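Subject: Structure handover

Hello,

Here is the structure I promised to pass on. Please open it alongside this note and follow the residues as you read.

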Amino acid sequence: KLQQLESADLLDLLNSPHPDLVRNALSVLPQIITSESQVPTDLMDAVQRLAQSPHVNVRMQLALTIGDLPAADASARAQYAAMLVSILRQDPDDVWIQQGVLTSCKDLGADVFERLVADGSSQPQELHIVRELLQLIPDHDSQFQEAIAEKLSQIEPASIEATAWTLLCLENDFQNHAAIQERLAAVYQYA
């Protein structure tokens with residue numbers, strides 16, 4: 001029966017003023033678009049707006065849904081990461097929101113990490129999320145470690161003070177990763 005829903009029907013539900021309808025639309029969204037390699041633009045626009053919803057239940061469902069949406073390219077992953085960070089920053093102390101965000105980070109960990117440190121406005125309460133992100137990725141996942149090292153190398157020295165807490169939390173998590181240790185040494189020298 002879900003396959004009978006048209007994209008326009010789903011769009012109407014996502015734009016509904018009733019949060020329960022929106023939540024239900026979000027929960028079925030991944031099943032509706034399974035055959036597509038990316039979320040259609042009109043639906044993606046509606047979904048992105050929901051990251052700013054005044055209803056925490058809508059934001060929570062969005063956080064859970066994002067992990068099941070197709071992320072075929074870097075652009076989609078960046079959009080999903082931006083939404084997850086936005087949701088997280090609206091409710092930084094809500095453990096349920098944190099877990100919802102982390103649930104969707106299975107394949108988006110490096111993208112969410114990048115988004116958390118990219119703007120230099122990271123908050124101390126985000127340290128927990130950064131640590132949890134790192135825990136999601138097995139130690140043997142050198143691709144993720146390389147992505148983290150690359151992101152760290154792109155941090156501007158002027159913003160290092162703002163992101164120092166993130167770098168410090170990485171020290172123990174990546175003790176054996178030379179590129180990260182080099183970056184930390186540079187940070188300590190700058191600080």
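How many helices and strands does the protein have? There are 11 helices and zero strands. Please keep in mind that this is a predicted model.

**Overall picture**

Starting at the N terminus, the order of elements reads α-α-α-α-α-α-α-α-α-α-α. The protein has 191 residues, and 45% of them are buried. I also looked at contacts between residues at least 6 apart in sequence. Of these, 68% join residues at least 24 apart.

**The core**

Which residues have the most contacts inside the largest nonpolar core? They are Leu14, Leu62 and Tyr80, in a core of 39 residues. Seven elements need checking here: helix 1, helix 2, helix 3, helix 4 (56–66), helix 5 (74–90), helix 6 (95–103) and helix 7 (109–118) each give two or more residues to this core. Helix 5 gives the most, with eight residues.

**Helix 1**

Helix 1 covers residues 7–14. Its buried residues are Leu10, Leu11 and Leu14. Viewed down the helix axis, the buried residues fall within an arc of 105°, so they line one face of helix 1.

Setting aside residues up to four places away in sequence, Leu14 touches Val22, Ala25, Leu26, Leu43, Ala46, Val47 and Leu50.

**Helix 4**

Is helix 4 largely enclosed or largely open? Eight of its 11 residues are buried, so helix 4 is largely enclosed by the rest of the structure. The buried residues are Val58, Arg59, Met60, Gln61, Leu62, Ala63, Thr65 and Ile66. They pack against helix 2, helix 3, helix 5 and helix 6.

- Arg59 sits in helix 4. Its relative accessibility is 6%, so Arg59 counts as buried. Leaving out neighbours within four places in sequence, Arg59 is in contact with Leu50, Ala51, Ser53, Pro54, Ile87, Gln90, Asp91 and Ile97. Arg59 and Asp91 are 32 residues apart along the chain, and their C-alpha atoms are separated by 9.5 Å.
- Gln61 is also placed in helix 4. With 17% relative accessibility, Gln61 counts as buried, because the cut-off is under 20%. Not counting residues up to four places away in sequence, Gln61 touches Arg23, Leu26 and Ser27.
- Leu64 is found in helix 4 too. Its relative accessible area is 31%, and Leu64 is partly exposed. Not counting residues up to four places away in sequence, Leu64 touches Gly100, Thr103 and Ser104.

**Two helix pairs**

Two packed helices are described by the angle between their axes and the distance between the axes.

Take helix 4 and helix 6. They pack at an angle of about 25°, with axes 7 Å apart. The cut-off for roughly parallel is under 35 degrees, so helix 4 is roughly parallel to helix 6. On the helix 4 side, the contact uses Val56, Arg59, Met60, Ala63 and Leu64. On the helix 6 side are Trp96, Ile97, Gly100, Val101 and Thr103. The residues of this contact divide into seven nonpolar, two polar and one charged.

Now helix 5 and helix 6. Which way does helix 5 run against helix 6, roughly parallel or roughly antiparallel? Their axes cross at roughly 170° and come within 9 Å. That angle is over 145 degrees, so helix 5 is roughly antiparallel to helix 6. Leu84, Ile87 and Leu88 of helix 5 meet Ile97, Gln98 and Val101 of helix 6. This contact divides into five nonpolar residues, one polar and no charged.

**Where to look again**

Ile97 and Val101 of helix 6 meet helix 4. Ile97 and Val101 also meet helix 5.

Best wishes

Key: Residues are numbered from 1 along each chain as its sequence is written. This is a predicted model: local features need pLDDT of at least 70, side-chain atom pairs count only at pLDDT 80 or more; totals for chains, interfaces and linings use all residues. Side-chain values use heavy atoms; hydrogens and water are left out. Buried means under 20% relative accessible area, exposed over 50%, partly exposed in between (1.4 Å probe, protein chains only). Helices (H or I, at least four residues) and strands (E, at least two) are DSSP runs, numbered from the N terminus. The arc is that of the directions from the helix axis to the C-beta atoms. A nonpolar core is a set of buried Ala, Val, Leu, Ile, Met, Phe, Trp, Tyr and Cys residues joined through side-chain atoms within 4.5 Å. Contact means heavy atoms within 4.5 Å. Axes are lines fitted to C-alpha atoms, for helices over the stretch in contact, and angles run from 0 to 180 degrees between N-to-C directions. Angles under 35 degrees count as roughly parallel, over 145 as roughly antiparallel, 65 to 115 as roughly perpendicular and the rest as oblique. Ala, Val, Leu, Ile, Met, Phe, Trp, Tyr, Cys and Pro count as nonpolar, Asp, Glu, Lys and Arg as charged, and the others, Gly among them, as polar.
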